[in-house]
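Colleague: I am new to this structure and would like a close look at one part of it. Please walk me through that part step by step, with the cut-offs as you go.

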Amino acid sequence: MIKSLTPEQVAFIDKEHIWHPYSSLLDPIPAYHVVSATGVRLTLSDGIELIDGTSSWWSTIHGYNHPILNEAIVTQMRKVAHVMFGGITHEPAALLCKKLVDITPIGLNKVFLCDSGSVSVEVALKMALQYWSSQGRHDKSQFLSFKKGYHGDTLGAMSVCDPHSGMHSLFGDTLAKQFFAEPPGCSFDGVWEEHFLSDVRLKLERCSQTIAAVIIEPIMQAAGGLNFYSPSYLAGLRKLCDEFDVLLIADEIATGFGRTGKLFACEWSNITPDILCLGKALTGGYMTLAATLCTSKVSDTICSGGSGIFMHGPTYMGNPLACAVANASIELLLGSDWESDISRIEAQLSDELSEVVSCNAVKDVRCLGAVGVVEMLHQVNVGEIQKEFVAEGIWVRPFDTRIYIMPAYNISPKDLNKLTGGISRVIRKVFQ
Ligand SMILES: *Cc1c(COP(=O)(O)O)cnc(C)c1O
């Protein structure tokens, strides 16, 4: 029997011993203690219920405690919870990989399963490097990324994140040196002009000899600011990568599985990247799992030169529980009317969030798919504003200047209205 703790004991241990994401242990902000969650509601230890506007960092797209997802894990657990993937295969992985090949842009035929989004980015970067080194092109050893991009927290992934948002200066020379282009300067539905790509073109003209791949978040730069950009930009970038003979890595960890209104954001531009990263919503937010897909051209080239093998293999690769719940989540998504769900959410977010535009502290309000963003003029004090949101009965967790909603796709109009209404009231209260 695992012994149980009182909420006070949990709070004490948390404060004394536990790191939270991007947190200080000298001056910890008390964490909210969740005891259960169902649908879009989190229940705290004091019985308070919060409507979740974040879908736990954009992953629980069907909500919490979903009977079908629960069942998928329990059924698989009775067969085999985990088994090594070296020399062994299993049905949940086979089902998942075939499904991913079928639903992602045409041409992505090979799947590498891994543990988390950051690791899938590491895998993508290593695939690109091995693609070139196996052709004797050891000089193609750097990456072209974008300012305001975010690709994860491990060293390789950090090296291609926005260079100014803190992490590069902290880790200095340890990070590999990469190239950074200006972020896409064209809004999602603004008029397209070729010059938006001129900075990328310039960098490729100068440096493509040493560049293995360009890495980008399709259509939405997510954690770097929730900025949407034109599908023409991504289509043009695909052409530039071909022209300058560099690979294109699409990081769809945030955008994949319907979030922007297409199943994958690459579909807005009708492109196939050479390498694709998936994570976050892959398991419907149940377990950590990610995948890196590539074309046969990439895998054939890696495996026919140099070492002849791809050099990566996590201990928990292809975990059967995670694959089983990913299969169930994707089936649930494809079996639902997700396109109307997302457009309903987009319409409601646009309508109801527009109310705060008149507030002086608000810089911009924008929505795409199931993403609604209120960009403030100044950085938000997360600990302070979080208390106000909790008092409104909603869970909203801003970062930097962004207050946003990225809900589960099956959220009811009434619950979504509580989120938008709560955000409006808190903004007017805190920033007037
Ligand atoms: C969240 C995210 C990652 C990192 O994924 P983790 O699972 O947190 O390691 C990478 N790229 C993008 C675009 C993300 O949104």
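Modeller: Happy to! Let's start with an open sheet of four strands, ordered β1-β2-β3-β15 with mixed pairing. Strands here are DSSP runs (E, at least two residues; helices are H or I, at least four), numbered from the N terminus, and two of them pair if DSSP finds at least two bridges between them. This is a predicted model, in which local features need pLDDT of at least 70 and side-chain atom pairs count only at pLDDT 80 or more, while totals for chains, interfaces and linings use all residues. Residues are numbered from 1 along each chain as its sequence is written, and side-chain values use heavy atoms, leaving out hydrogens and water.

At the edges of the sheet sit β1 (34-38) and β15 (394-395), each pairing on one side only. Strand β2 (residues 41-44) runs antiparallel to β3 (residues 49-52), and three bridges join them.

Now to the ligand. The residues around it (a heavy atom within 4 Å) include W58, Y150, H151, E217 and K280. Polar contacts are pairs of N or O atoms within 3.5 Å. A backbone N or O atom of G117 is 2.9 Å from a ligand oxygen, and an N or O atom in the side chain of S118 lies 2.6 Å from an oxygen of the ligand. A nitrogen of the ligand is 2.7 Å from a polar side-chain atom of D251. On its own the ligand exposes 380 Å², of which the protein buries 82%, by the Shrake-Rupley method with a 1.4 Å probe.

How values were computed. Polar contact = N/O pair within 3.5 Å; in protein donor to acceptor, adjacent residues only side chain to side chain.
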